[in-house]
2 protein chains.
Amino acid sequence: MKRSERLVDMVKYLMDHPHTLIALPFFAKRYDAAKSSISEDLTILRNTLANNKDGILETVAGAAGGVRYIPFMGKQTAASFLRELADRVENPDRILPGNFLYFSDILGSPQDLQNIGKLIATKYAFSKVDYVMTVETKGLTMAQAVSRFLNVPFVLVRRQPKITEGATISVNYVASSSDRVEKMELAKRSLPSGSYVLIVDDFMRGGGTLTGMEELVKEFNCHVAGMSVLCESKFASRKVVDDYQSLIKIADVDRNKKLIKVQIGNILDQINFDRFS
Amino acid sequence: MKRSERLVDMVKYLMDHPHTLIALPFFAKRYDAAKSSISEDLTILRNTLANNKDGILETVAGAAGGVRYIPFMGKQTAASFLRELADRVENPDRILPGNFLYFSDILGSPQDLQNIGKLIATKYAFSKVDYVMTVETKGLTMAQAVSRFLNVPFVLVRRQPKITEGATISVNYVASSSDRVEKMELAKRSLPSGSYVLIVDDFMRGGGTLTGMEELVKEFNCHVAGMSVLCESKFASRKVVDDYQSLIKIADVDRNKKLIKVQIGNILDQINFDRFS
């Protein structure tokens, strides 16, 4: 097989298996090629990703070594995606009665989810994350997108009990929007103790839901690896969470005036983009 | 830029934009290369995908032409994934009280979802599909996976009304599991009339939920492009739906006997795998 053919297949394989250590002999066997040729292929691949600021190929030395493809977004790509997203969210047609916002188109768009997932996975590219967690329903598509790029499973916390999940552990939390005490629960078997859990959600007002998920992570004897939201509201009367990333921030919204102002969130400041090698 | 570098970036770009027509001048400009070089690159790419039976690069001739990457799974890959999935589902620990089955691990696994999404997208690779539709909650992760590979948006039908979706259209349907009449609804603005809609769900018993979604598609003046489920139960007393694909089929389940038998569904028989060019 020629180098060009190997490269086509290699890129495809690595993109289908992000954050997975692939030993060199695997590729050597797959392409019936010498290890030295595979090494050269991987150098080309690594340099191209680095030059385009569009992903990292990490080399792990030693007998148990190999390469690992790490989805990683360049700063410019990230910034222009967020600017463009903020512009699109500023459309006043999104404002629903009660000043709620319509986000279902974004949370149902494969291209937006790809960018959202890749950006949050960039933030956590070098952190220990075993699971992504979210609460039903709207955060789910985001959780899945992040999970794809980190290549770890995701778990869905329920607000209503489900018969198809078996035994659960539940916690109470104060919903920021209503100030009421509510309940959320997660299937016991879905999250092994000791896991590092990245919490994501679509929208943060006061942070009550996020705090509830933090509680739940602790009840499972797990660790919070981080918290990311698509959108934060600056109206949050008193945020109970202060360590998180947001992609965008609603600065103002008024249905009567057909007014909505959206800024870029704090995620860009929290990523070290100088990782391309 | 060298051919090898162009190929790395090109594969990455095409995989990030499946089912999207890319004009040759786009690549020529991106790599500052002659159109003839780009044509040669694309021939290598097309042949490699075809030889590996792992995707199709479609060429569209003419002034408005270009290339389109179509995710397409080979028959052998598909069959071995389904066999392996059926084996995993046969674990009796999955049987919950009431003979319900635990599927959350599969529906939360990025690698499984990738295979599920790619396989269903293979079935509909050459059909007109504008939207993927599912009903909350469990079908959602599957819908998103299919949507990614067809590169069309997905919409989520609600069983409970949501304040963050605006005006809705609703239908009544008979839930196969309970024989009760229930209601499902979809945000009006989420689905333009005239669209072709692929309906997916995680589990089909009698097909009542699928029929409900079919009704809803009609209420939106849209067309059903097809219906796919991850898992069908052979217990279905009287299936109200007969035109669908299933990935796996539960042939028998008994919690007391710790017994579960799983077969491969009918999807493989419904795909023309001789499309690699």
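Guide: Let us begin with burial, since a residue is called buried when its relative accessible area is under 20%, exposed when that area is over 50%, and partly exposed in between. Please keep in mind throughout that this is a predicted model.

Visitor: What makes A:Glu165 count as buried?

Guide: The relative accessibility of A:Glu165 is 6%, and buried means under 20%, so A:Glu165 counts as buried. A:Arg158 is buried as well, with a relative accessible area of 2%.

Visitor: Why are A:Glu165 and A:Arg158 said to form a salt bridge?

Guide: The rule asks for a side-chain nitrogen of Lys or Arg within 4 Å of a carboxyl oxygen of Asp or Glu. The closest N and O atoms of A:Glu165 and A:Arg158 are 3.6 Å apart, which is within 4 Å, and the pair is therefore called a salt bridge. In chain B, B:Arg158 forms a salt bridge with B:Glu165, where the closest N and O atoms are 3.6 Å apart, and both B:Arg158 and B:Glu165 are buried. Salt bridges that share partners also join A:Arg3, A:Arg6, A:Glu40 and A:Asp41 into one network.

Visitor: How many salt bridges are counted between chain A and chain B?

Guide: The count between the two chains is four. The side chains of A:Lys12 and B:Asp54 meet in a salt bridge at 3.0 Å, N to O, a distance within the 4 Å that the rule requires. Across the interface of chain A and chain B there are also 22 residue pairs in polar contact, with both residues at pLDDT 80 or more. On the side of chain A that touches chain B, helix 1 of chain A gives the most, with nine residues, and the residues of that side divide into 24 nonpolar, 17 polar and 14 charged. The contact takes 55 residues from chain A and 55 residues from chain B, and the two chains bury about 4800 Å² between them, 57% of it on carbon and sulfur atoms.

Visitor: Turning to the aromatic rings, how many pairs does a search of the whole structure find, and why is the pair of A:Tyr13 and A:Phe26 called tilted?

Guide: The search finds 14 aromatic pairs over all chains. The rings of A:Tyr13 and A:Phe26 have their centres 5.0 Å apart and their planes at 40 degrees; centres must lie within 6.5 Å, and planes under 30 degrees apart would count as stacked and over 60 as edge-to-face, so the pair is tilted. A:Tyr13 is in helix 1 of chain A and A:Phe26 in helix 2 of chain A, 13 residues apart. A:Tyr13 counts as buried at 16% relative accessibility, whereas A:Phe26, at 32%, is partly exposed. Ring pairs link A:Tyr13, A:Phe26, A:Phe27 and A:Tyr31 into a cluster.

Visitor: What makes the pair of B:Phe72 and B:Phe276 edge-to-face?

Guide: The planes of B:Phe72 and B:Phe276 stand at 85 degrees, with the ring centres 5.2 Å apart, and planes over 60 degrees apart count as edge-to-face. B:Phe72 lies in strand 3 of chain B and B:Phe276 in the segment after strand 11 of chain B, so the pair ties together parts that are 204 residues apart in sequence. B:Phe72 is buried with a relative accessible area of 1%, and B:Phe276 is buried with 16%.

Visitor: How do you know that B:Thr209 is buried?

Guide: The relative accessible area of B:Thr209 is 18%, and because the cut-off is under 20%, B:Thr209 is buried. B:Thr209 is in helix 7 of chain B, and its contacts beyond four places in sequence include B:Val135, B:Tyr173 and B:Ser176.

Key:
Residues are numbered from 1 along each chain as its sequence is written. Chains are lettered from A and ligands numbered from 1 in the order in which they are written. This is a predicted model: local features need pLDDT of at least 70, side-chain atom pairs count only at pLDDT 80 or more; totals for chains, interfaces and linings use all residues. Side-chain values use heavy atoms; hydrogens and water are left out. Contact means heavy atoms within 4.5 Å. Buried area is the accessible area (1.4 Å probe) that two parts lose on being put together, summed over both. A polar contact is a pair of N or O atoms within 3.5 Å; within protein, one must be able to donate a hydrogen and the other to accept it, and residues adjacent in sequence count only if both atoms are side-chain atoms. Helices (H or I, at least four residues) and strands (E, at least two) are DSSP runs, numbered from the N terminus. Ala, Val, Leu, Ile, Met, Phe, Trp, Tyr, Cys and Pro count as nonpolar, Asp, Glu, Lys and Arg as charged, and the others, Gly among them, as polar. Buried means under 20% relative accessible area, exposed over 50%, partly exposed in between (1.4 Å probe, protein chains only). Rings of Phe, Tyr and Trp (its six-membered ring) pair if their centres lie within 6.5 Å; planes under 30 degrees apart count as stacked, over 60 as edge-to-face and the rest as tilted.
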